[in-house]
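Visitor: I would like to know what lies behind the words used for this model. Could you take me through them?

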Amino acid sequence: MPKTNPLIRPSEARDLPAITAIYAHNVQFGTASFETEPPSLPEMIRRRADILAKGQPYLVAEQAGKILGYAYAGTYRPRPAYRDTVENSIYVRSDLTGRGIGKLLLPALIQECEARDYRQIVAVVGDSANLASIRLHQRCGFRLVGTFEAVGYKFGCWLDSVLLQRSLGRGSDAPPAIR
C-alpha cells in the first residue's frame, strides 16, 4: 500500500463487487460476522440500497482505484423509538488489516452520522477475541456496554457478541431529530 492515505468517500454502485468480496472473506474465514454463507452480489446490492434509501451513510476506503475497506451505519432496530440510533459495520480487506484503514473509516463514519443528526451509534462486535475491532471502537470514543456470551455458533465453537456505544452530536441532551 502506498504511503498516502486512502480516499474515504461515499460508496458507489461500481464498488459492490469489491465490497462483496471483502465481506465474503470475512464470512468464510472470520468471526466478525455471524453469517455462515456469504451473500451474493445481488443481495449486497439490495442491502446497500436499503441503507442509502434511509439516508444512512455507506463509505469506502479507496486507493489507486482499489477498494480497501468499507463502513456503513444502518438501522439499529426497526421500531420507531430507535430511529435516532444506528449500528455501524466496518470491514477491511483481509490482506490489509492492521494498517490503519479502520482508523480512517470509523471517524469518517461517525462524522457522517453526526451530520445526519443521529444521537447514538452502537457497535456489535462479533467474538470477544476480536480485540482489534474492540480497541478501534474504544479509540474512537465508544465505551464497552457489555458482552452477550456464547450467543453465536460458528466454526465449531460458541462466540460472544461485544456491545459498544458512543454518543453522537447532541446525544441525549436534546430531543430526537425530526425524521
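Guide: The protein exposes about 9,700 Å², by the Shrake-Rupley method with a 1.4 Å probe, and 54% of that comes from carbon and sulfur atoms. This is a predicted model, where local features need pLDDT of at least 70, side-chain atom pairs count only at pLDDT 80 or more, and totals for chains, interfaces and linings use all residues. Residues are numbered from 1 along each chain as its sequence is written, and side-chain values use heavy atoms, leaving out hydrogens and water.

Visitor: Why is Phe-148 called partly exposed?

Guide: Buried means under 20% relative accessible area and exposed over 50%, with partly exposed in between (1.4 Å probe, protein chains only). Phe-148 has 47%, so it is partly exposed. Phe-148 belongs to strand 6, strands being DSSP runs of E, at least two residues, and helices runs of H or I, at least four, numbered from the N terminus.

Visitor: How do you know that the span of helix 1 agrees with its number of residues?

Guide: The expected span is 1.5 Å times one less than the number of residues. For the 14 residues of helix 1 (residues 16-29) that gives 20 Å, and the end C-alpha atoms are 20 Å apart, so the two agree. Among the buried residues of helix 1 are Leu-16, Ile-19 and Tyr-23.

Visitor: What makes up the fold, counted in helices and strands?

Guide: The protein has 4 helices and 7 strands, in the order β-α-α-β-β-β-α-β-α-β-β along the sequence.
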